[in-house]
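Start with the fold of one chain.

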Amino acid sequence: MKRLLPLYVIAIYAFLHVPLLILCGFSFNSSKFTVWEGFSLVWYEAMWNDGVLAEATWNSLVIAVVSTVVATAVGTLGAYGLWKKNSRLLSGSMYLSLVTPEIITGIAMLATFQWAFRYLHLQLGMTTVIFAHVTFSMAYVLLVVMARLRTADPALEEAALDLGATEWQAFRLVTLPMLKPGIAAAALLAFTVSFDDYVITALVAGVDSETLPMVLYAMARRGANPVVSAISTVIFVGLGLLIVVSERLQKT
Amino acid sequence: MMRLRAFFLLPAWAFTLLLFLAPMGIIVVYSLQTKGVYGGVGEPWTVENYVRLFDPLYGVILLRSFAMAGAATFGCLVLAFPLALYISRSGTRKTLLLNLVMLPFWTSFLVRTYAWMFLLRDTGLINSMLLGMGLISEPLPLLYNDGAVVVGLIYGYLPFAVLPLYSNLERLDKGLLEAAADLGAKPWEAMLHVVLPLTAPGMRAACVLVFIPSLGAYLTPDLLGGGKSMMIGNLVQNQFTSARDWPFGAALSLALMAVVMLLLWALLRRDCEEML
Amino acid sequence: MSELILEGIYKDFPTHRVVDGITLTVPQGCFYSLLGPSGCGKTTTLRMIAGFDEPDRGLIKLNGRTLNGLRPYERPVTTVFQSYALFPHLTAAENVAFGLQRRKDPDMARKVRDALELVQLSAKADRLPAKMSGGERQRTALARALVLEPELLLLDEPLSALDPALRKQMRVELKELQARVGITFLFITHDQEEALSLSDRIAVMRQGRIEQMGSPQEIYLTPATRFVASFLGGVNWVGDVGVRPELTRISRERPPTGMRVKESTVSSAMFLGGCFRVEAQTAAGESLVAQIAHGLGQFERGERVHLWWDPSDEMALPE
């Protein structure tokens with residue numbers, strides 16, 4: 001029985017990783033069929049030359065960067081505030097938003113925007129997407145930073161106050177530096193979550209703010225397309241690297 | 001001091017209030033209204049949408065959602081337990097092994113779901129391999145059915161089951177296993193009578209972390225099930241796009257939320273402090 | 001006849017040799033202690049007898065049967081762990097029943113009842129470990145191990161987690177228990193008072209070897225090495241010769257003839273409740289302690305006194 005366990009573990013890791021590795025592998029296939037016919041970068045060329053794809057990728061990056069900056073700031077401040085004095089309602093709501101299915105938060109936001117826009121004369125577009133992304137990203141930031149704060153010793157800030165610092169200085173000079181790796185990790189997490197989002201984005205994006213996941217989804221639905229494999233590989237490797245860096249930062 | 005705390009919490013409050021709580025409130029309001037002629041919402045106020053939830057037409061979808069989420073949860077638990085056990089006994093390699101489990105999850109959900117489309121479709125890798133080897137003469141319909149969706153769900157949420165199980169197993173007092181052996185229990189008996197009962201909290205957490213997102217899944221049934229394997233999430237999306245029945249969609253959403261919150265409460269009330 | 005025999009037991013860890021040639025015999029029904037400082041190898045020896053580790057060399061025989069190679073659940077030996085290792089999800093009664101359930105013992109209910117009564121825990125049978133006091137947990141662990149009627153019971157510093165008053169009380173109970181059930185007890189401790197008060201025989205261990213084996217009185221009054229002498233109690237060393245503080249007397253008048261005398265100056269006098277502990281410095285700079293009962297006079301710091309003892313009470317042990 002004991003000898004079976006390592007074999008089982010290998011099988012499970014294979015289950016987790018092989019599908020992706022196969023997809024990445026076949027993105028270099030010269031033919032569009034699922035029979036290997038030779039190494040080629042033709043699909044990557046096609047991907048590179050696709051204008052719609054380029055614009056969608058740009059949109060995704062802009063949305064991700066902006067929403068990450070805002071979400072990290074809001075989430076970090078929020079985590080600190082809750083650490084000092086918990087508000088069950090706020091922390092409960094934020095954790096609830098993590099558990100709520102995306103389709104529900106998405107349509108709820110859509111409904112809200114539609115209702116608000118009757119009075120504000122605005123439209124769905126990049127801004128609505130960014131606002132939506134900040135909302136769900138900040139919950140992840142909160143999670144990561146709170147975890148960090150829980151290992152912090154409150155006596156350190158008390159010592160700072162005792163030595164003449166104000167509350168703001170104590171935060172800025174004592175707690176914030178200690179949080180830096182956690183904040184960086186949270187930011188990277190927020191970035192990947194934002195970059196990869198489909199469900200909420202598809203609902204609240206306007207006509208001219210297509211994102212990469214939206215384009216990818218449309219292509220995937222239409223049928224077998226090896227360019228999708230190429231795009232997938234790039235996304236997988238890119239986000240994968242970001243996550244590895246984020247993990248490293250969380251360890252320090 | 002009060003002002004400072006307000007400053008820290010204000011932005012978070014603003015976003016939460018305006019973009020989560022208020023929208024949920026709007027959904028509640030819509031659920032009690034009626035579908036408008038051109039697809040909007042309006043008077044009269046009614047609970048008819050909630051009544052419609054019990055219509056057998058939708059019953060199939062609701063039942064299927066629960067069944068598939070249940071199957072995915074069961075599958076994840078069974079698959080994750082031995083893995084979590086192995087990792088908890090791996091000494092220095094624990095972090096590496098855990099990272100290898102989590103890493104694929106954090107890349108792109110869309111890409112990972114597509115990877116299964118690539119494998120399972122009629123022109124996908126599995127079929128072309130089997131055809132090529134002469135084992136079958138026609139492609140097997142592996143995609144666009146309930147099974148494919150469950151596999152996709154298990155694939156997507158397996159890491160969520162591994163983490164809480166690992167955390168629980170790791171914290172078990174190793175001395176208890178020695179005591180069991182000392183008292184005459186063979187290894188499988190120790191597993192059954194000591195390890196398993198003490199892993200109950202981890203299993204509860206794993207159930208929550210897999211069942212709830214599975215129940216509310218949208219992408220997985222959409223891509224891997226085609227139109228043939230509709231789950232609650234797809235039904236909701238349907239109401240807000242093609243069916244243009246926002247009130248019903250809202251009621252459906254709230255019903256799903258209610259189930260989610262009920263499950264959370266039921267499974268986690270004992271372990272509440274740990275989660276938050 | 002369930003006597004335990006350890007023959008030439010050796011055990012190496014990656015960094016050093018932990019057990020360095022242990023040979024001993026524990027007679028049936030004996031309360032036998034392995035006494036020594038931490039790191040001396042006593043716990044490792046116990047684990048090898050229980051089956052959690054295997055010796056690199058040497059045989060472990062119980063009742064004529066070789067235990068080497070047998071898994072813990074195959075050995076007629078049970079253990080009371082230092083942390084008790086009670087199953088947190090089971091009540092006291094269920095913990096005690098655990099081993100019996102593995103054997104599918106038909107008489108389980110009665111045996112569990114009797115075992116709990118033996119340790120005076122009948123009233124707490126349905127308690128979970130988290131709701132029990134330290135002493136109750138300790139007794140549950142004992143009952144759980146004893147109910148299986150092992151040929152040998154191993155106890156790994158079972159009293160060290162208890163507070164001093166409880167510990168003293170448990171010592172008495174433990175001794176009586178062992179006498180009543182008649183099972184051989186192998187007891188591990190670093191507390192010499194515990195070993196001396198409980199044991200029929202003691203093996204003093206140091207750095208993986210046995211320095212001396214014998215009855216408590218033997219090893220206390222006639223230690224084989226300096227280490228054993230110092231480990232078991234205080235010693236006044238004067239060169240190669242030592243004498244116990246309780247056998248060291250102190251007086252202002254001249255001592256009787258034939259006694260070894262040291263002229264000293266009192267440096268401290270502490271009242272310890274049961275006795276006085278008077279420390280004095282000789283002219284040669286040696287620091288000696290006399291432990292004296294009340295009523296033998298009060299001594300002040302700086303007083304010139306005679307410290308003396310009967311030469312027959314000396315222990316001649318070179319360094």
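Read along its sequence, chain A runs α-α-α-α-α-α-α-α-α-α-α. That makes eleven helices and zero strands. Helices here are DSSP runs of H or I with at least four residues, strands are runs of E with at least two, and both are numbered from the N terminus.

A word on the model and its labels. This is a predicted model, in which local features need pLDDT of at least 70, side-chain atom pairs count only at pLDDT 80 or more, and totals for chains, interfaces and linings use all residues. Residues are numbered from 1 along each chain as its sequence is written, while chains are lettered from A and ligands numbered from 1 in the order in which they are written.

Stay with chain A. Its C-alpha trace spans about 70 × 65 × 35 Å along the principal axes. Of its 252 residues, 43% are buried. Buried means that 20 or more other C-beta atoms, placed from the backbone, lie within 10 Å of the residue's own. Contacts tell more about chain A. Two residues are in contact if their C-beta atoms, placed from the backbone, lie within 7 Å. Among chain A contacts between residues at least 6 apart in sequence, 77% join residues at least 24 apart.

Now move to chain B. Here 67 residues of chain A are in contact with 65 residues of chain B. On the chain A side, the helices that each supply at least two residues include α1 (4–26), α3 (51–84), α8 (167–196) and α11 (226–251). This side of chain A divides into 45 nonpolar, 16 polar and six charged residues. Ala, Val, Leu, Ile, Met, Phe, Trp, Tyr, Cys and Pro count as nonpolar, Asp, Glu, Lys and Arg as charged, and the others, Gly among them, as polar.

Chain B also meets chain C. There, 15 residues of chain B are in contact with 19 residues of chain C. On the chain B side, α8 (174–182) and α9 (187–198) each give two or more residues. α8(B) gives the most, with six. By class, this side of chain B has eight nonpolar, two polar and five charged residues.

Chain C holds an open sheet of four strands in the order β2-β1-β4-β5, with antiparallel pairing. β2 (17–26) and β5 (65–66) of chain C stand at the edges with a single partner strand each, so one side of each has no neighbour in the sheet. Strands pair if DSSP finds at least two bridges between them. β1 (residues 4–12) and β4 (residues 57–62) of chain C pair over five bridges. In this sheet, C:E7 stands opposite C:L59 in β4(C).

Last, the domains. Chain C is divided into domain 1 (4–227) and domain 2 (234–316), with bounds from an automatic or database domain assignment. Their C-alpha centres lie 39 Å apart.

Terms used:
Buried ≥ 20, exposed ≤ 12 C-beta atoms within 10 Å, placed from the backbone.
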